[in-house]
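Please look over the structure shown below before reading on. The report after it takes up a few local features in turn.

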Amino acid sequence: MTALTSGESVAEVAAGGSEPPASTGTLRYVLTKIGGALVSLLLVVVLGFFLFRILPGDPVKTMTHGQPIGTKQLLQLRAELGLDKPLTVQFFEYLGNLLHGDFGTSYFYNQPVGQLVLAALWPTVLLIGTATVIAIALGLWLGTRGGWKPDSVFDKTSTTIALTLWSVPQFWLGMILILVFAQGIGPIPGLFPVQGLTSAGVAPGFPYLLDLLHHLVLPCLTLVAAVYAQYLLIMRSSLVDEIGADYLVTARAKGLRDDIVRRRHAVPNALLPTVTLIFLNLGLVVNGAVSVEVVYSWPGLGLLMYNALNVPDLPLIQGAFIT
């Protein structure tokens, strides 16, 4: 039996002094993450399938409402849609089609679900992405100004307004903006449209872009007003924590101006929590805001999901839910 050297431990000797290579640990980590993502995706698929099956309403009766159709024709239509099969059979057929990239065919639109979702994806990314960028910029600016001089008139006013708008339901705020800026009230004329992505008959090119931005104003304003408070509050809180730090005292002692101390030293160190929140929210851009898209008839995933729920259009609901 050999004696232990100064750098060895009993555990290392018992294990033969060997350690697993770093590549093995990295591979295990990657495989674990991929496995967890696949399990999460499977749970979303299963939840999306069975959850929407318990919704009230019959797709066949909704699509044939007001039409002189007999019981035999209803049964035939149900068989064509595959709704006459047991629920487990429907699920495994849906899962098999999903593995081949087939999301099914919409009951209401009679089009492939994948095409409908892709067509609605761009308007949602445009609306939510634009609103997110503006909300981040506005929240960081207000949070920096208020956090650098806490309890000032500017800080109290901006924080109160942000918290008030954050607590207001988005659909209610949207209807107020429509009443004031779309329909017009008192001396204020109607300034902005509220229906769809663009107006009918607009020429392509620059006029189309201007009309698109004109339609984007009110939905984007509603979302910005509802979400910028979270960036303001986190940035303000982080900056307040940095005010008394030693490195800021040192920077002031060197004779740096107050705005330089704030911009070059305090803000970069206070940005970390806000940047974390920004990247967390980037994953929610595609999800959209259902209430805002419905209020403004914005043809995105939110409005598509809302229309599908009214049927209920099960393949379309499931495709939008997974997306």
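Predicted model: local features only at pLDDT ≥ 70, side-chain atom pairs only at ≥ 80, totals over all residues.

## Helices α8 and α9

Two packed helices are described by the angle between their axes and the distance between the axes. For helix α8, which spans residues 170-182, and helix α9, which spans residues 206-242, the angle is about 135 degrees and the axes lie 10 Å apart. Angles under 35 degrees count as roughly parallel, over 145 as roughly antiparallel and 65 to 115 as roughly perpendicular, and α8 and α9 are therefore oblique to each other. The crossing in which α8 passes α9 is right-handed.

On the α8 side, the contact involves Gln 170, Leu 173, Gly 174, Leu 177, Phe 181 and Ala 182, and these meet Leu 218, Leu 221, Thr 222, Leu 223, Ala 225 and Ala 226 of α9. Sorted by class, the residues of this contact between α8 and α9 are nine nonpolar and three polar, with no charged residues.

## Helices α6 and α14

Helix α6, residues 113-148, packs against helix α14, residues 314-322, at an angle of about 50 degrees, and their axes are 9 Å apart. The helices α6 and α14 are therefore oblique to each other, and α6 passes α14 in a crossing that is right-handed.

From α6 the contact draws on Val 113, Leu 116 and Val 117, while α14 contributes Pro 315, Leu 316, Gly 319 and Ala 320. Six residues of the contact of α6 with α14 are nonpolar and one is polar, and no charged residue takes part.

## The largest pocket

The largest pocket holds about 460 Å³ of space. It is lined by 22 residues, of which Leu 81, Gly 104, Thr 105, Tyr 107 and Pro 315 are the closest to its centre; Pro 315 also belongs to the contact of α14 with α6.

Two or more lining residues come from each of α2 (22-53), α4 (71-80), α5 (87-99) and α14, and α5 gives the largest share, four residues. By class, the lining of the largest pocket is made up of nine nonpolar, eight polar and five charged residues.

## Two backbone features

Most residues other than glycine have a negative phi, and most peptide bonds are trans. Against that background, the peptide bond joining Val 311 and Pro 312 is cis, with omega about -10 degrees, and Pro 312 is placed in the loop between α13 (301-310) and α14.

Asn 110, although not a glycine, has a positive phi of about 55 degrees. The loop between α5 and α6 is where Asn 110 is found.

Definitions and conventions
Residues numbered from 1 in each chain as written. Heavy atoms only, no water. Axes fitted to C-alpha atoms, helices over the stretch in contact; angles between N-to-C directions. Left-handed = near helix turned anticlockwise from the far one by under 90°. Contact = heavy atoms within 4.5 Å. Nonpolar A, V, L, I, M, F, W, Y, C, P; charged D, E, K, R; others polar. 1 Å grid on protein atoms, 1.4 Å probe; cavity = no way out; pocket = protein on both sides within 12 Å on 5 of 7 lines; lining within 4 Å. Points joined across faces, edges and corners; volume = space filled by probe spheres on them.
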